[in-house]
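Work through the exercises below with the sequence and the model side by side. Try each task before reading its solution.

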Amino acid sequence: MLSAIRVAAIASNTVREAVRSRVLYVLLFFAVTLMLFGIVLSSLSYVESERILQDVAMAAMRVFGVAIAIFVGVNLIHKEVDRRTVYTILSKPLTRAEFLFGKFAGLVLTIWLQLAIMVACFMGVSALTGAEVGAGHAAAFVLLGGELALIVAVATLFSSFSTPLLSSFFTAGVWLAGHLTRDLRDVGLRSNSEWVGEAGVWLHRMLPDLQSFNLTIEAVHGLPVTAADVWLPLVYGAAYTTLLLLAATLIFDRRDFR
Amino acid sequence: MKPGSANRVVVRGALLALALAITIGAFGALDATPKIDRGEIFVPPAEQLRFASFGFDAVLSDYYWLMALQLVGDASKPVEGGSVAKLIDVVTALDPWVGHPYRFAAVWLTDSLENVHAANRLLARGVAYSPLDWRNRHYLGFNHFFYMGENAKAAGILEGALHLPGAPRYLAPLVAKLRTEREGLETARGFLASLVETSADPRTRAEYLKALDEIDTERRARLLDQARSIYKKRHGRDIERVEDLSTGQRPVLRKLPPAHPHFSSFAWEIDPETGDIVSGFYGARYRPYEHIRDKERRQRWLGDAAHVSRES
Amino acid sequence: MDAADAIVRVENVVKDFRPSFGLRSRRVLHGISFDVQDGEIFGFVGPNGAGKTTTLKVLMGLIRASQGHATILGCDVRETAFRQHVGFLPENPYFYDYLTGREILSFYAKLSGVASRAREGRVSELLDWVGLSAAADARLRTYSKGMLQRVGIAQALVHEPKVVFLDEPMSGLDPIGRKEIRDLILRLRDEGKTVFMCTHILPDVEMLCDRVAIIVEGRVRHAGATDAFLGEGEPEADLVLAAVPADLPAQLEELYAASLRGHGDRLELRVREKFVQDVLQATLGAGGHVVSVTPHRTSLESIFLHAVEESSRC
Ligand SMILES: Nc1ncnc2c1ncn2[C@@H]1O[C@H](COP(=O)(O)OP(=O)(O)O)[C@@H](O)[C@H]1O
Ligand SMILES: [Mg+2]
């Protein structure tokens, strides 16, 4: 099985490396800027401007959270192979799975750190404008964290065999499709062709159902959120993430580092 | 300074100035008029937008909401109801839990029967998603009564808002009034009377009791209407004053009922516009108030609609 | 030699590289075999592109052999656990340069399963051992190439492995750096470790290795004890003479079958070792000076060149 010490060693070093990346801070800066811009934008509406502010801020968190997840995720293995740091690391008594899980854990921690900063900023602009923040928001943030971890796992899978550029395209594609599959399924089911309907259903089953991680509207409107709304997606996400990582390990295990 | 470096400065400076001039000139030539002002706002169908929102429904909804605000914010142009309807449809399809946009639609979509219908569809969506908000029901009921003359339906919708938090006191009397037409005065009276019993707030009760007074007065006015028709049969002419009913030869009534249950100083009058017998206290009969122009518009709209439906 | 207790065994290892696009794969290793014995310094020698690094990557489990079999300490190289006893210095090693020397070694110590109690002491000891104590808390970004190479050796040793694999440990270093690394390698042998070293620098091999295998174009051409290679043929010596009279060169050439090279009154010549005394006496007698006398051994270079030539012929 995986050794916690080794995984932790890789993970903590990954965090250490990732937080040094300038691109990360540029993205974070954009996110914060967009949230502040939300204040201006929401003032264009003479009603419900707190809601609009929170909508914009949530969207900023989602967009830049995913951008960060994809950016750090696809560079995951590539950088290590490219700089050949992987040679010395894998020559140690460390399985490739441990390496992969360690990298993944480190990146997820990094992204959650970024998310925490964005949440703090969200609270800041909300307090500034008197917009209410409740338990729904906490649920939405937690689920966003789950979605981002899943995206990192998708990026990990792709980057276990592909170049960063292609991986980022693939990952972005999965992310978009993951938000689309419910609608695709519904469209498919409404179509006359049984085949199309079936395809829609299977697409929805196979791709991650990312809409289940989206509680933006519920949070902003203070709609009731049940415990199952939170823990079910989290369980689903954790299981799906594990599947992705296992697949990535299978590929990574067979890979030549040349 | 090296020979030639002065030259280089001049060339670079000239190039910079040229590039800057072209940039500014070309920028000015770009047609950057907002799409709204060009009258070509493109609002994708709500269905498609929701499909391709990728989890950004809320913020997209806000975007189209701000666009709708711009559309009506320009005082120099008449508001084109169709665009508002499309925009608010998108806004509320993307985020059906919004509040104000529904009422916004109700306010701005009053220029044609078609738009009122559109507003009603939107308001119905608002009622479905925010069933505890009295305001969407209020606007919906109002539209049914005011623009479409469907008083019974309006009453049904408004009745659903009566007990919602924040609902105004005048709603129940209004419902009673609207119900009268189809269900009769006694039903309306019973409805209000039961509300009086169940409402705890003294000011609300007072409001309802006032409405009951008006119903009692209407009852008497209807009695006078009957007396008036007997008078016509008997004398072959209409009354000139309401007192004619109880005075002169062969009066129909021995005595006129009071024109208000509590205030005896008010008398019955004949409304010069409608010819109706009205209480001096109320100045009008017990029915939803409607300005004559509103009535005319409604009849025109509904006539048109009937005409169109007959054609098709 | 008993193959059974070989520390490293490579049997008929073949490696084909498949290009990213295209179907034709390229064979880089054509079935190589060799053994490394306990406690020796083994030189894996060959020109650039011969397949040394590729072989080493197979041994380190970084790539999979297409055919054949390799074991280290009796374990299949595709396994992981035995790496507890293996150290590896890659060619031109690169490390996280935002870490300090101490941090990077501590990182590798964790990966290698060095107990947390022992870790700090082990790291300090190693830093001392490779002479990096002074720079231990500077970031690797500020290290010179020689210092990085020593970090590389230190990380390979952090878990006290039994066998150490070094890929071109001396390449790209200045003479002082090379000497330092050479000394470290000799110290490793003194500590009883087995050292496997790839290189194309022949003097280093002659100086360090107990045994060598020569690899050319993915095939092992020669393998055996270094001394056995070098002992072939009769010993000779190189002499440098100065202020030689004009008639001396011809005389020496005739008498001692010396091969000559001269410019002005300076003369370089190679003679069989048994004639050295005579040549010196003749020179001094004729009024010349002796500048230097160096014993000449058959160099690995000649064997090496011979092997390369051979492979290009067939
Ligand atoms: N990733 C690779 N893909 C294809 N060919 C490679 C790859 N890596 C090395 N080679 C080829 O394999 C041969 C051996 O390379 P290498 O083992 O690095 O040689 P050495 O270390 O002996 O200099 C070379 O001809 C090289 O071009
Ligand atoms: Mg090499």
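**Exercise 1. The metal site**

Which residues coordinate the magnesium ion (ligand 2)?

Solution. A word on conventions comes before the steps. This is a predicted model, where local features need pLDDT of at least 70 and side-chain atom pairs count only at pLDDT 80 or more, while totals for chains, interfaces and linings use all residues. Residues are numbered from 1 along each chain as its sequence is written, chains are lettered from A and ligands numbered from 1 in the order in which they are written, and side-chain values use heavy atoms, with hydrogens and water left out.

Step 1. Find the donors, meaning N, O and S atoms within 2.8 Å of the metal (3.2 Å for Na, K and Ca); water is not among the atoms, so sites may look incomplete. They belong to C:Thr53 (OG1) and C:Glu91 (OE), at 2.0 to 2.7 Å.

Step 2. C:Thr53 sits in helix α1 (residues 52-59) of chain C, and C:Glu91 in the loop between β6 (86-89) and α2 (101-111) of chain C. They are 38 residues apart, so the pair links distant parts of the chain. Helices (H or I, at least four residues) and strands (E, at least two) are DSSP runs, numbered from the N terminus.

Step 3. Check accessibility. Buried means under 20% relative accessible area, exposed over 50%, and partly exposed in between (1.4 Å probe, protein chains only). C:Thr53 is partly exposed at 22%. C:Glu91 is partly exposed too, at 30%.

**Exercise 2. Which chains touch**

Describe the contacts among the chains.

Solution. Step 1. Use the rule for contact: heavy atoms within 4.5 Å. Of the 2 pairs of chains that touch, chains A and C have the most contacts.

Step 1. Look at the pair that does not touch. No contact joins chain B and chain C. Their closest C-alpha atoms lie 35 Å apart.

**Exercise 3. Chain A against chain C**

Characterise this interface from its area down to its residues.

Solution. Step 1. Count residues. 28 residues of chain A are in contact with 35 residues of chain C.

Step 1. Take the area. Buried area is the accessible area (1.4 Å probe) that two parts lose on being put together, summed over both. Here the value is about 2900 Å², with 55% from carbon and sulfur atoms. In chain A, the residues that lose the most area to chain C are A:Lys92, A:Pro93 and A:Arg258, together 22% of what that side buries.

Step 2. Find the salt bridges (a side-chain nitrogen of Lys or Arg within 4 Å of a carboxyl oxygen of Asp or Glu). There are 2 between chain A and chain C. One of them joins A:Arg16 to C:Glu103, with the closest N and O atoms 3.1 Å apart.

Step 3. Assign the elements. On the side of chain A that touches chain C, α1 (4-18) and α4 (85-90) of chain A each supply at least two residues. The largest share, 7 residues, comes from α1(A).

Step 4. Sort by class. Ala, Val, Leu, Ile, Met, Phe, Trp, Tyr, Cys and Pro count as nonpolar, Asp, Glu, Lys and Arg as charged, and the others, Gly among them, as polar. This side of chain A has 10 nonpolar, 5 polar and 13 charged residues.

**Exercise 4. Chain A against chain B**

Solution. Step 1. 27 residues of chain A are in contact with 22 residues of chain B. The buried area is about 2000 Å², and carbon and sulfur atoms give 69% of it.

Step 1. The salt bridge count is 2. In one of them, A:Arg51 pairs with B:Asp62, the closest N and O atoms being 2.9 Å apart.

Step 2. The elements giving two or more residues to this side of chain A are α3 (49-82), α7 (164-190) and α9 (216-221) of chain A. The largest share, 8 residues, comes from α7(A). By class, the side has 15 nonpolar, 6 polar and 6 charged residues.

**Exercise 5. A leucine in chain B**

Is B:Leu94 buried or exposed?

Solution. Step 1. B:Leu94 is in helix α4 (residues 81-94) of chain B. At 2% relative accessibility, B:Leu94 is buried.

Step 1. List contacts, leaving aside neighbours within four places in sequence. Among the partners of B:Leu94 are A:Ile217, B:Leu49 and B:Tyr64.

**Exercise 6. Positive phi**

Solution. Step 1. Most residues other than glycine have a negative phi. A:Glu48 has a positive phi of about 50°. Phi of C:Glu168 is also positive, near 50°.

Step 1. A:Glu48 lies in the loop between α2 (22-42) and α3 of chain A, and is partly exposed at 21%. C:Glu168 lies in the loop between β7 (163-167) and α5 (175-190) of chain C, and is buried at 3%.
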